Each structure stands twice: as structure tokens, then as C-alpha cells.
Amino acid sequence: MLLLLDIISGILLVTGVFFGLSGAVGVFKLPNFFTRVHAASVTDSIAVILIVSGLVLQTPLGINIAKLLFILVFLLITSPTASHALAKSARHGGLLTMSELEKGDQEEKAPK
Amino acid sequence: MTALYAVVCIAILLVMAIALARAFYAPTVYDRILGVNMFGTKTVLFIAVVGYLMGRPDFLDIAIVYALINFIGMVAVLRFFEYTAPVD
Amino acid sequence: MSDFIDLVLLAMLALTGLRIIFLKDLFAVVMLFGIYSFLTALIFINLDAVDVAFTEAAVGAGISSVLMLGTLALTGREEKESSHSSILPLIVVFITGAALIYGTLDMEPFGNPDNPIHKHVAPRYIEDSPKEIGLPNMVTSVLASYRGFDTLGEVVVVFAALIAVLSLLGVPKEGQEKAPASGLKSHQVLRVVAKLIISPIILFALYVQFHGDFGPGGGFQAGVIAAAALILYALVFGLPNAVAVIGPRFLKFMAAAGVLLYASVGFFSMYKGGNFLDYNKLAADPVAGQHYGILIIELGVGITVFAVMLNIYYAFGNQVERSNIQ
């Protein structure tokens, strides 16, 4: 039973780390700000879920489980909110999405 | 389990380093904020895992503080960003 | 493993410091300073200095970043070109740095039990504080009881900082004019989420306040976290709304009341026939007296720190909003 718990939480931790790393790669490799926000925000959420639940399985019942769940819920609420607010600010500040940039190119080409 | 925690720690440190690099060299100011925010959330996870690695689960209190402060800092950056004219 | 983590964190810290030097955009500098504080706190955690890490994360990365951003909103975000040559300061810094590194060569090896620092008061605290004070968190015993007088001094310094800031920036006036709508009006999601999480933050602050005897935390950290919750409210819903919840005038009374509460514990123990801040006299049983004393002075510290931090933020935010209207 304990071995099974170890294996499950090991899998959760490793997949969580995998998503974290892929998000980090995405933040550097993707071409446009909004795609980068998307990479960071989505992988952040899934990494938090996986890693924290991996740790929960290793914790004896008690206040530490409550703290871990508090961290989980808090990050699940605030992290996408922060990304959303940031993307909204960027939009407000005049950054364009990729499709708009392409359309802009075509419009520039069209009058020729 | 300890070896696994150690591996997870190192991997999260790597993610933190990449987020830090994004915050150092950002094409737009929003990318910089993104890097800082990502660094913060990964730090929360890092503290939690380090607590388990060292057998000190009371580190979780500090992880909670990090999560709070990270969000408040983010809101403050967005708020005061309205007042200052963008440079780039 | 611990050494490896230390090395990585120190490398990140050094790189952050270097990057800050070469950045001209002060807005980015403030954000990187936040990361700098986070990294410092991580190093403290790795050294097992949990209470210090707590304070560094809450004060260094949280409140001071917010205050520096407020300052930037007042002054502008471009660094001015320096007109001086930087050669002479560079030489001075190099010589000082070399002297400091030379000084570390004489230091005892890190963590050695025979070091002088482990010979004098530390063994006394470690051996006797469980009997004398009976708190699981020895840091709180030292901070609040053995070094209670020093902590009183720190609280007075925090109080003095409030007086200094208010005398420089002016006291925000309450309900004088109908302030224009401010806050992050267009961020609907942020407003809903902020409403949702402010009360858990205050609850967590209370937990930190009263759990400080058993784990990391205490009055300083709790005061800062509670202030951060109201600062979040002010950021999202605008300063006038936050001032309507707790006004600056009331906060001034609170700041003074915390210091008074702390000092009055000292005078009460004198009245009971002990020395200043001698908690043993507060109850019939000395250990119970220590418990009461530490609980009350931590409460005084928490009240003062909360009031001072929030009032300083009000002073800054008021300036920002006023300059923004004009």
C-alpha cells in the first residue's frame, strides 16, 4: 500500500516537473507575447496541481495537508488571474496577437 | 523518495533559472512581468518540495507567504504600471 | 544536496545583482529587486533560518516592492545619466571588497560547533529555554523574552519610521473631497478574485500571529501580512475605499497603542516586583507568566507593525493619486 502511494506520488511529481520544464521552454521559444503567457499560465496550473497532489500523498493526515491544499487552491485561483490581468494589460497597452499581425501584413500588402 | 525529491528540486531550480533569464532579457516589459510571476509560483513549489526533502514540513508556512506576496506584488506592478509611461 | 542548492541560489543572486546594475529601466529594477529578496529568503530557508526567511519574504519582497513602485509612479522610471566618473568609487569598492574577503579568511569554518559564537549565550538558550520559557520555537523565546528589551527598541524604531514618513509626505486627509474612482476598474476578474482571497489572507495573518510560539512567525510577520491584505484591497478597489475601512487617523492611534501595550507589560512586571519586562512575575507560575508576556508583547508588535506599514502605504498612495489627478 505504501509502495503504491510512493509510486503514484512519484509519477505525479515527475509529470508535474515535466510540465513545468515544458512551460519554461515555451516561455523562451514561442514567438509572440500572448503565446508565451499561454505557455506559462497553463503549465503553471497543471504543474501546481500535479506536484502538490504528489506531496499530499506523502503527508500524514493533519494540518500539513490543510496547508498544502490551501497552497493548491490559492495558486489555482491567483495564478490564472494574474496571467489574465497581465494579458489584459498587454492588450490595453497595444500588443497585437499573431493573427492580427498577419492580417496587418496583408492589409499593408493589399493597397499595393 | 528522498532521491526523487532531490531530482524534483533540481528540475524546479532549472525552471526558476529559465524564468529568471526571461526576466533578465525580455523583449517587452510584459514579458519581464511574466518571467517574475513564473519565478514566484515556481518558488512556492520549490519551498514545498525542499521542506519534504529536508523533512521540515513547517516550511509550508513560508510557501504560503510566498504565494500571497507574489500575487500582491503582481497586482501592484499592474496598478502602478498605469501611471508610468512605457519606455519600450 | 543542501550545498548544491546554496550554490545555485547564490549564483542566481549574483546574476540578479549584476543585471540590476546594468538596467536603465527602474521599473524593471524594482521587479528584479523583488526577485533578489525572494532569493535571499530562499537562502535563509536553506540555512534553516525560517523566521528570518519569513520576514524577508514578507517585508523585503512584498511591502518594500510596493512602496518602491509607488515612488516610481511619483518620480518617473528612467534612470538619469550620471555626470560623475565612476572610476574612483569603483576603486574604493574593490579595495573594500578585497579587505572583506581577506577578513573572511580568518573566520572559523561554517557550522563548526567549536566556533566562538556557539560558546557564550547560545548553549544557555538552547539548554535552559525549554525549562524557563517552555516554547517549542526557540527563536520566539530569544526574541520576545531574553531579548525583549531589544525587540521593544525595534518596535519603537518602526514607530519612529512612521513619524518620519508622515512628516515628509504629509498625513492623508480623510473624506475631504469626493475622490475620483480609482483602482483597477477594468480588471473585472481581478476584482472578484481579490474579494475572494482577502479574508483568507487576514485569517492566515492571525494564524501567523498566534502560532509564532510553535512555528515560524510572530508579530512582525503577521502585521506585515495583514497590512498586505489591506494594501491588496487598496490596489484593486482604490485608496478611498481602503481608507473608508481603516482610516489613517485610527491607524496612528493603533501604532501608538501597540508600543504602549508592549511597554506597559514591562511596567506591569515592575509593579509586580520584578525587573522591566520580567515576565516571570506576571503569573504565579513563572512559565505561565512567560507565556502571557510573550503573547501580549507579540500582539503589541503585530498591531504596531500592521498600523505603520498600512499608514506608510496610505501616505505614498495618497501622493500618487494626488499627482495623478493634477
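Begin by selecting chain C, which has 12 helices and zero strands, where helices (H or I, at least four residues) and strands (E, at least two) are DSSP runs numbered from the N terminus. The model is a predicted one, in which local features need pLDDT of at least 70 and side-chain atom pairs count only at pLDDT 80 or more, while totals for chains, interfaces and linings use all residues. Residues are numbered from 1 along each chain as its sequence is written, and chains are lettered from A and ligands numbered from 1 in the order in which they are written.

With chain C still selected, its C-alpha atoms fill a box of roughly 60 × 50 × 35 Å along the principal axes. Of its 326 residues, 41% count as buried, a residue being buried if 20 or more other C-beta atoms, placed from the backbone, lie within 10 Å of its own.

Next, select residues 26-46 of chain C, which form helix 2, with 21 residues and a reach of 30 Å from first C-alpha to last. This helix is largely enclosed by the rest of the structure, because 15 of its 21 residues are buried. Just after helix 2 of chain C, pick out Asp48(C), which takes a positive phi of about 75 degrees.

Finally, show chains A and B together, where the contact takes 35 residues from chain A and 33 residues from chain B; two residues are in contact if their C-beta atoms, placed from the backbone, lie within 7 Å. On the side of chain A that touches chain B, helix 1 (2-29), helix 2 (33-56) and helix 3 (63-92) of chain A each supply at least two residues, and helix 3 of chain A gives the most, with 14 residues.

Methods: Buried ≥ 20, exposed ≤ 12 C-beta atoms within 10 Å, placed from the backbone. Expected span 1.5 Å × (residues − 1).
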